[in-house]
Amino acid sequence: PAPPRAAMAASPSLTEPLKGGDGLAGHTVGFPDQDAAGFTLTRALKRLRGRCLSVALLLLMKLPEPVAAGILSATRGRRRSVEGNVLDVQVQIMLEIAHALDLNMANAGLDKDVALGRRRVNRALKQPRHPRVSVKEVLAPNPNDTDHPIALRIYTPTASTAVPACDHEASAKVNASAGAGAGAGAKRPVLLYFHGGGWVVGNLDTVDGLVSHLSHLSGCVVVSVDYRLAPEHPFPAAVDDAVTAYHWVMDAADNYGWDTANVAVGGDSAGGNLAAVLAQHLATDPASARMPHPSLQFLLFPALYVGTDRSQYKSIVEFGDDAFFMLPSRSMKFFTEAYIGSTSDGKDVRMSPVMANDRVLARMPRTYIQICHFDVLRDEARSYGARLMSNGVDVHIDEHNAHHGFVYNFHQLRYGDKCLRDMATFLRDAMGTDEQVVRPKL
C-alpha cells in the first residue's frame, strides 16, 4: 500500500510522476527508466520495503526530538562527519526516507533527459508562497540574447495582504493588484536573488516559497532572477544575465522606490556562485564604476569552485561518495560539464570565484555565508570565507549540521525553519529594515 501523502511532503521526490497518480501510487521511485515489462519481483519488494520504512521514519520524525534521537540511535545509528559533527535528528530522518526510496539527484534522470529531469527536480523543490507579500512579474530586456528576455519576480513584504496559503484564487487577485509602486514611500532595500540548481535546473517557482518567506521575515524586497540555463545556454550566459539583472534593478529603482545604495546580491548553490561572480565583476568592470555596488553578499551553500583539481576540498570526497547526502559527485560532474564544458579547467574566476586574487577580494562587500556541514560544497565555502576575512572583509558564517539545500524544507524541518529565520534576522539587521522577524505560522 502507498504511504500517506505526508510522506511525500517530507522527502524530495526526484522521481515523482509528472501527471496523475495519488500519493506514491504509480511511482517510479529509484527506477525512472524502467518500463512495466522490466519490473521484477525483486525490485517490487525493494520498493515495498522502502515505502514501509519511509512510513515508519515519517512517524519517527513527528516524535519529540529527544525521543526520536534515542530511537534513531538505537535503530539506524547517528550520522557523524569526520570532524565529529552529528547530523540533525530530523534532517537525518528525512534523508533516511529519501535513501529508503532511492531518491537523490543522480536518480533524477538529468543525464538522460534534461527536460524531464528538470520537471522532476523543480517539482520536488517547490514550497508554498508566503501570503503576506505582493508579487509582480516583469521581463527585463536581454542585450546578450534578444530572444530570451530575463523573467524577474519581485516580492514586496506587506502586512495588508494576508491570504490563506491555500487560497490560490485570492492570492492571485492580490498579486495582480500589486503595481510597480508596491512598497513605495521610504526607500526599501533589495536582495537580488539567483536560484540554485547546478546552472541546469531550477526556476522562479523552485525558490518561490523560500524567497517569499525571506522577504516577509526580513522586510526586504526580493527580486528573483530566471537566468538562462545550461546545457542549452552554457557559460557565460548565466553570468551575463546576472549582470543584466543587476543593471535593471539599478535602472528601475526610482520607479519602485528602492534604495540603490542598499542592494544585496545573493543566491543558493549555483545561484550563490552567480552572486559572488557578480559582486567581483562589478568591483572590476570599468562600465560599472559609477554604479552603486552591492552592499552585501548573501551566499547560501554556494558553489564557488568548479575546477578539476578538487583535492584540497575534503568534503568533496567525504560527502560526494555517499549518495545518502543527496548530491553525489557524479551529479556535480554532470552539472559542471553542462555549464562550462568537459574541456574547461574551471579556473576562470567567473566560474570559480574562490580563485579571485586578493586585490579583488579586498573590494568585496560585507558577506553572509551559510554552510551545510554535510555538503560536498562545504570546504570551498569555508575557503572563500577565510580568504575574504584575510582581506579585511566583514564575514558572517553560519554552519549547520545538515545536508546541501536543507533550508528548502523549512516547512518540514524545525531545523530548516530556524535556519530560515536566522538568515532573515541577519538580512534584516544588515540591510537596516524596520520590519521585525516575528514567528507567524509558516
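Glu65, Ala68, Ala69 and Leu72 of helix H3 are in contact (heavy atoms within 4.5 Å) with Val89, Gln92 and Ile93 of helix H4. By class, the residues of this contact are 5 nonpolar, 1 polar and 1 charged; Ala, Val, Leu, Ile, Met, Phe, Trp, Tyr, Cys and Pro count as nonpolar, Asp, Glu, Lys and Arg as charged, and the others, Gly among them, as polar. The model is predicted: local features need pLDDT of at least 70, side-chain atom pairs count only at pLDDT 80 or more, and totals for chains, interfaces and linings use all residues. Residues are numbered from 1 along each chain as its sequence is written, and side-chain values use heavy atoms, with hydrogens and water left out.

H3 spans residues 65-75 and H4 residues 89-100; their axes lie 10 Å apart at an angle of about 50°. H3 is therefore oblique to H4, the term for angles that are not under 35 degrees (roughly parallel), over 145 (roughly antiparallel) or 65 to 115 (roughly perpendicular). Axes are lines fitted to C-alpha atoms, for helices over the stretch in contact, and angles run from 0 to 180 degrees between N-to-C directions.

The protein chain has 14 helices and 8 strands, taken as DSSP runs (helices H or I, at least four residues; strands E, at least two) numbered from the N terminus. Of its 442 residues, 56% are buried, meaning under 20% relative accessible area with a 1.4 Å probe, protein chains only.

Ser215 sits in helix H7, residues 208-218. Its relative accessible area is 0%, so Ser215 is buried. Leaving aside residues up to four places away in sequence, Ser215 touches Val133, Tyr155, Thr156, Pro157, Cys220, Val221 and Val222.

Note on methods: Buried < 20%, exposed > 50% of the residue type's maximum accessible area, 1.4 Å probe, protein only.
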